[in-house]
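Reader: I would like to go through this model with you at the level of its side chains. Could you take my questions one at a time?

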Amino acid sequence: MVSWLEEIERREAAARAEIGELRSLIEELAGRLAEREAVLSRLEITR
């Protein structure tokens with residue numbers, strides 16, 4: 001049987017891993033958004 005402390009540590013590790021994944025996804029999406037905004041800006045200037 002797993003102790004309550006081990007269970008808390010397991011949950012903390014899982015939460016930290018998910019946070020890391022989400023931060024990576026946010027960084028990727030922010031970069032993609034900036035690229036698309038730059039494209040749109042150039043198109044608007046051209047028009």
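Reader: What percentage of the 47 residues of the protein count as buried?

Author: This is a predicted model, in which local features need pLDDT of at least 70 and side-chain atom pairs count only at pLDDT 80 or more, while totals for chains, interfaces and linings use all residues. Residues are numbered from 1 along each chain as its sequence is written, and side-chain values use heavy atoms, with hydrogens and water left out. Buried means under 20% relative accessible area, exposed over 50%, and partly exposed in between (1.4 Å probe, protein chains only). By that rule, the share of the 47 residues of the protein that count as buried is 0%.

Reader: What does the secondary structure of the protein come to?

Author: Helices (H or I, at least four residues) and strands (E, at least two) are DSSP runs, numbered from the N terminus. The C-alpha atoms fill a box of roughly 70 × 10 × 10 Å along the principal axes, and helix H1 covers residues 4-46. The secondary structure of the protein comes to one helix and zero strands.

Reader: Which residues make the nonpolar surface patch of about 350 Å²?

Author: Patches are made of residues with over 30% relative accessible area and no salt bridge, like charges being joined within 9 Å and nonpolar side chains (Val, Leu, Ile, Met, Phe, Trp, Tyr) within 5 Å; accessible areas come from the Shrake-Rupley method with a 1.4 Å probe, and for residues only the protein chains shown count as cover. Tryptophan 4, found in helix H1, counts as exposed because its relative accessibility is 66%. The patch is made by Trp4, Leu5 and Ile8.

Reader: How many salt bridges does the structure hold?

Author: A salt bridge is a side-chain nitrogen of Lys or Arg within 4 Å of a carboxyl oxygen of Asp or Glu. One of them joins glutamate 12 and arginine 16 at 3.9 Å, N to O, and another joins glutamate 28 and arginine 32, also at 3.9 Å. Glutamate 28 and arginine 32 lie four residues apart in helix H1, about one turn of the helix. Salt bridges that share partners join Glu7, Arg10 and Arg11 into one network, and the number held by the structure is four.

Reader: Why are glutamate 7 and arginine 10 separated by about one helical turn?

Author: The side chains of glutamate 7 and arginine 10 meet in a salt bridge of 2.6 Å, N to O. Glutamate 7 is partly exposed at 23% relative accessibility, and arginine 10 is partly exposed at 49%. They are separated by about one helical turn because, in helix H1, they are three residues apart.
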